[in-house]
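Please open the structure in your viewer and keep the selection tool at hand. The stops below are to be visited in order.

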Amino acid sequence: MANQLGKRYLCATCGTEALCNKPGTGAVECCGQEMKIKEAKPLPSSD
């Protein structure tokens, strides 16, 4: 999986977060596993 500029990656094992500031090929790894892209928090509704 290619690294995506501006995306935050999260390690499921230790909770480390990494911010990608240079896109490219390859994978972001921590604790011997590929890190997952951290999903954005949903904004609260303004109702």
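**First stop: Cys-20**

Select Cys-20: apart from its neighbours within four places in sequence, it is in contact with Asn-3, Gln-4, Leu-5, Gly-6, Lys-7 and Tyr-9, contact meaning heavy atoms within 4.5 Å. This is a predicted model, in which local features need pLDDT of at least 70, side-chain atom pairs count only at pLDDT 80 or more, and totals for chains, interfaces and linings use all residues. Residues are numbered from 1 along each chain as its sequence is written, and side-chain values use heavy atoms, with hydrogens and water left out.

**Asn-3**

Next, select Asn-3, in the segment before strand S1 (8-10); strands are DSSP runs (E, at least two residues), numbered from the N terminus. Asn-3 is buried because its relative accessibility is 16% (buried means under 20% relative accessible area, exposed over 50%, partly exposed in between; 1.4 Å probe, protein chains only). Beyond its neighbours within four places in sequence, its contacts include Tyr-9, Cys-20, Pro-23 and Val-28.

**The salt bridge**

Which side chains meet in a salt bridge? Select Glu-17 and Lys-38, whose N to O distance is 2.7 Å; a salt bridge is a side-chain nitrogen of Lys or Arg within 4 Å of a carboxyl oxygen of Asp or Glu. The pair joins distant parts of the chain, 21 residues apart: Glu-17 lies in strand S2 (residues 17-19), and Lys-38 in the segment after strand S5 (36-37). Glu-17 is partly exposed at 40%, and Lys-38 is partly exposed at 34%.

Methods. Helix = DSSP H or I, 4+ residues; strand = E, 2+ residues; numbered from the N terminus.
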